[in-house]
Amino acid sequence: MVDQQMIDALKMRELSLSKPTPFNGEQFKSKKFLQECILYMGSTRTPTTPN
């Protein structure tokens, strides 16, 4: 039988995503930077954050 504590730990497991590439001010790279930020911030929700 699987331990409830182990199940809870698996549910709380975080994804390991890399942080957005630092923005160096180049205008043509701004869209890519913003997309990376949105992806990173959207995927780092904590259990207390509502969906």
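**Entry 1: salt bridges**

A salt bridge is a side-chain nitrogen of Lys or Arg within 4 Å of a carboxyl oxygen of Asp or Glu. I start there, and I note that this is a predicted model. Side chains of opposite charge can pair when their charged atoms come close.

How many salt bridges does a search of the whole structure find? I get 2.

I look up E26 and K29. Their side chains meet in a salt bridge, at 4.0 Å from N to O. Are these residues buried or exposed, or in between? I find E26 partly exposed, at 31% relative accessible area. K29 is partly exposed too, at 38%.

Next I look up K32. It forms a salt bridge with E36. The closest N and O atoms of K32 and E36 are 2.9 Å apart. How far apart are K32 and E36 along helix α2? I count 4 residues, so about one helical turn separates K32 from E36.

**Entry 2: T21**

I move to the loop between α1 and α2. Helix α1 spans 4-11, and α2 spans 30-43. T21 sits in the loop between them.

Which residues does T21 touch, leaving out those up to four places away in sequence? I list K32, F33 and E36. K32 and E36 are the salt-bridge pair from my last entry.

I check T21 against E36. They are 15 residues apart in sequence. In space, their C-alpha atoms are 7.5 Å apart.

I also check how open T21 is. Its relative accessibility is 43%, so T21 counts as partly exposed.

**Entry 3: Q35**

Where is Q35 found? I place Q35 in helix α2. Q35 is partly exposed, with a relative accessible area of 48%.

I pair Q35 with P20. The sequence gap is 15 residues. From C-alpha to C-alpha, Q35 and P20 are 8.7 Å apart.

**Entry 4: the whole chain**

I finish with the totals. The chain has 2 helices and 0 strands. What share of its 51 residues counts as buried? I read 2%.

I note the surface last. The chain exposes about 5,200 Å². Carbon and sulfur atoms supply 60% of that area.

Notes: Residues numbered from 1 in each chain as written. Predicted model: local features only at pLDDT ≥ 70, side-chain atom pairs only at ≥ 80, totals over all residues. Heavy atoms only, no water. Buried < 20%, exposed > 50% of the residue type's maximum accessible area, 1.4 Å probe, protein only. Contact = heavy atoms within 4.5 Å. Areas by Shrake-Rupley, 256 points an atom, 1.4 Å probe, with all protein chains shown as cover.
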